[in-house]
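Please keep the sequence and the 3D view at hand while reading.

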Amino acid sequence: MRHVLACATLGLACAAAQAETVGSVDTVFKLIGPDHKIVVEAHDDPRVSGVSCYLSRAKTGGIKGAVGLAEDKADASVACRQVGPLQFNGKLPRQEEVFSERASIFFKHVRVVRMVDPKRNTLIYLVYSDRLIEGSPKNSVTAVPVPANLPIPLR
């Protein structure tokens, strides 16, 4: 429900945050169904042009993975970088979910949240996994410094 409200609030920003698969590596051979793998995806920040985040995460294969019933592990890593001129599409909240993807058929998501550190003029991106009942403390964080002559517009 929180994701639906966030997307409604952000309008088309959630639609713009589609993943682009960069590549993958197999980690476990499965005789039936796809192999277990680690997938690397690129996500452009919908509110900060010029910033892309690269997310690596586990994808469960086998029969359950093939039919969409598998629950992916909570392991994920994120690296965000400036890939072009920075431009802010409006004022940013201090904290905002910029990407979310289902990690199981029921109530588990991988989420990327952007936080703003105005004192250091830096954007921080955190990836974590949550569940309706019990999430995981596994997480990864990265930061994109913004040049001092370009203050981050805050709400």
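The protein has 3 helices and 8 strands, where helices (H or I, at least four residues) and strands (E, at least two) are DSSP runs numbered from the N terminus. Along the sequence these elements follow the pattern α-α-β-β-β-α-β-β-β-β-β. This is a predicted model, in which local features need pLDDT of at least 70 and side-chain atom pairs count only at pLDDT 80 or more, while totals for chains, interfaces and linings use all residues. Residues are numbered from 1 along each chain as its sequence is written, and side-chain values use heavy atoms, with hydrogens and water left out.

**Overall figures**

- Of the 155 residues of the protein, 39% count as buried; buried means under 20% relative accessible area, exposed over 50%, and partly exposed in between, with a 1.4 Å probe and protein chains only.
- Among contacts in the protein with a separation of 6 or more, 51% join residues 24 or more positions apart, a contact being heavy atoms within 4.5 Å.
- Accessible areas come from the Shrake-Rupley method with a 1.4 Å probe, and for residues only the protein chains shown count as cover.

**The nonpolar core**

- The largest nonpolar core has 21 residues, and those with the most contacts inside it are V48, V51, L55, L123 and Y125. Such a core is a set of buried Ala, Val, Leu, Ile, Met, Phe, Trp, Tyr and Cys residues joined through side-chain atoms within 4.5 Å.
- The elements giving two or more residues to this core are β3, β4 (76-88), β5 (95-102), β6 (108-117) and β7 (122-131).
- Strand β4 gives the most to this core, with 5 residues.
- Leaving out residues up to four places away in sequence, V51 touches H43, D44, D45, C80, R81, V83, L86, L123, Y125 and V144.

- S52 lies in strand β3, which covers residues 48-59.
- With a relative accessible area of 6%, S52 is buried.
- The side chain of S52 makes a polar contact with the side chain of D44 at 2.5 Å. A polar contact is a pair of N or O atoms within 3.5 Å; within protein, one must be able to donate a hydrogen and the other to accept it, and residues adjacent in sequence count only if both atoms are side-chain atoms.
- Beyond residues up to four places away in sequence, S52 touches H43, D44, A79, C80, R81 and V83.
- Y54 also lies in strand β3, but Y54 is partly exposed, with a relative accessible area of 33%.
- Together, V22, Y54 and V83 make a nonpolar surface patch of about 270 Å². Patches are made of residues with over 30% relative accessible area and no salt bridge, with like charges joined within 9 Å and nonpolar side chains (Val, Leu, Ile, Met, Phe, Trp, Tyr) within 5 Å.

**Salt bridges**

- The whole structure contains 6 salt bridges, each being a side-chain nitrogen of Lys or Arg within 4 Å of a carboxyl oxygen of Asp or Glu.
- E96 forms a salt bridge with R47, and the closest N and O atoms are 3.2 Å apart. Because E96 lies in strand β5 and R47 in the loop between β2 (36-44) and β3, the pair ties together parts that are 49 residues apart in sequence.
- E96 is buried at a relative accessible area of 9%, and R47 is buried at 12%.
- E96 also forms a salt bridge with R114, the closest N and O atoms being 2.9 Å apart. This pair links distant parts of the chain, with R114 in strand β6 and E96 in strand β5, 18 residues apart.
- The side chains of E97 and R111 meet in a salt bridge with an N to O distance of 3.0 Å. E97 in strand β5 and R111 in strand β6 are 14 residues apart, and both E97 and R111 are buried.
- Salt bridges that share partners join D45, R47, E96 and R114 into one network.

**V116 in strand β6**

- V116 is found in strand β6 and counts as buried at 8% relative accessibility.
- The C-alpha atoms of V116 and Q95 are separated by 6.5 Å, although these residues are 21 residues apart along the chain.
- Apart from neighbours within four places in sequence, V116 is in contact with L92, P93, R94, T122, L123, I152 and L154.
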